[in-house]
Amino acid sequence: MVRSTHPINAPTYLRLRDQIRADIEDGCWRLGQHLTLHELSAHYQVSNVPVREALLQLQGDGMVDMRMNKGAVVRAVDARFIEEYFDVREALHTMLLAQACGRPEAREAAQGPQIEALVRAVEEAARDGRARELLAADETLQEELARWGGNAQALGMQASRGRLLEAVRRSRMALWASELDVLAVQDRAMVEAIRQADPVTAGEAMRRHVAAARTYMLRLLRLPELPARVEGASFAPGSTSSEAPDAD
């Protein structure tokens, strides 16, 4: 099934963009892999035109680099990429937490059962040593806290690059490390700080959270990759299904 935020009658290139992005996360297309227009057209059973448009969209998101008349290369993730990503994440999320501390609606939401359930999901995964579940729950919680900052522009700045890190996580074994315990502790500290309208404590918790996440990702990067997936999810071309793949 195509994981797209767009309806089935949306332009093919938009739904194709979402599918390629999902397949990069899932490991169908590996980080650093060269993707030709012909290869993608045959794989998704569409013409080169929507493939090219989808790749241009993904280049704008920072997920691929286009090559003149040669398709694109999936962005590789190395230690420098991870360092720079988390430098930006710390600055952005510290700002968003400070803004959340100053918003009455955010402080009210921090008292609610929904956020408490998210915090407990992280804590339970930490207690049981379930790495993948903890990382997924932590990311959901962090996205919710960031939304409370009320800055839509900031929210979108790292989204695609975060998906590249997700591709790294999925391409390695589910490693447990002490940094994951830190994520759970600091998640709780951030929520408590918002409840108390304390941006200083929230910022310190975010700094520790980012430091732990950075160390964990660098640790994962040193692990060997798991075998690549053979193919991604199926794609329904929609109105362009009768188009035959054309030449590069």
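I began with glutamate 144, which counts as buried at 15% relative accessibility. The model I am reading is predicted.

**Entry 1: glutamate 144 and its partner**

I looked for the partner of glutamate 144 next. Arginine 147 forms a salt bridge with glutamate 144, and their closest N and O atoms are 2.5 Å apart. Both residues sit in helix H7, 3 residues apart, so about one helical turn separates them.

**Entry 2: salt bridges elsewhere**

How many salt bridges does the structure hold? I noted 25. Side chains of opposite charge can pair when their charged atoms come close.

I then followed arginine 170. Its side chain meets that of aspartate 26 in a salt bridge, at 2.2 Å from N to O. I logged arginine 170 as partly exposed, with a relative accessible area of 32%.

Arginine 170 also meets glutamate 166 in a salt bridge, at 2.7 Å from N to O. Here both residues lie in helix H9, 4 residues apart, which is about one turn of the helix.

Which residues does the network of salt bridges link? I wrote down Glu25, Asp26, Arg163, Glu166, Arg169 and Arg170.

**Entry 3: the largest pocket**

I turned to the largest pocket. About 890 Å³ of space lies in it. I noted 36 lining residues, with Glu139, Glu143, Gly162, Arg163 and Arg169 nearest the centre. The elements giving two or more residues to this lining are helices H4 (79–101), H7 (131–147), H8 (152–156), H9 (159–170) and H11 (199–221). Helix H7 gives the most, with 10 residues.

I sorted the lining by residue type. The lining of the largest pocket has 20 nonpolar, 5 polar and 11 charged residues. Arg163 and Arg169 are among the residues nearest the pocket centre, and Arg163 and Arg169 also belong to the salt-bridge network.

**Entry 4: aromatic rings**

I counted 2 aromatic pairs. Tyrosine 85 and phenylalanine 86 have ring centres 5.0 Å apart and planes at 90 degrees, so this pair is edge-to-face. Are these two residues buried or exposed? Tyrosine 85 is buried, with a relative accessible area of 8%. Phenylalanine 86 is buried too, at 4%.

How values were computed. Residues are numbered from 1 along each chain as its sequence is written. This is a predicted model: local features need pLDDT of at least 70, side-chain atom pairs count only at pLDDT 80 or more; totals for chains, interfaces and linings use all residues. Side-chain values use heavy atoms; hydrogens and water are left out. Rings of Phe, Tyr and Trp (its six-membered ring) pair if their centres lie within 6.5 Å; planes under 30 degrees apart count as stacked, over 60 as edge-to-face and the rest as tilted. Buried means under 20% relative accessible area, exposed over 50%, partly exposed in between (1.4 Å probe, protein chains only). On a 1 Å grid over the protein atoms alone, a cavity is a set of points where a 1.4 Å probe fits but cannot get out, and a pocket is an open set with protein on both sides within 12 Å along at least five of seven lines; lining residues have an atom within 4 Å of a point. Grid points are joined across faces, edges and corners, and a volume is the space filled by probe spheres set on the points. Ala, Val, Leu, Ile, Met, Phe, Trp, Tyr, Cys and Pro count as nonpolar, Asp, Glu, Lys and Arg as charged, and the others, Gly among them, as polar. A salt bridge is a side-chain nitrogen of Lys or Arg within 4 Å of a carboxyl oxygen of Asp or Glu.
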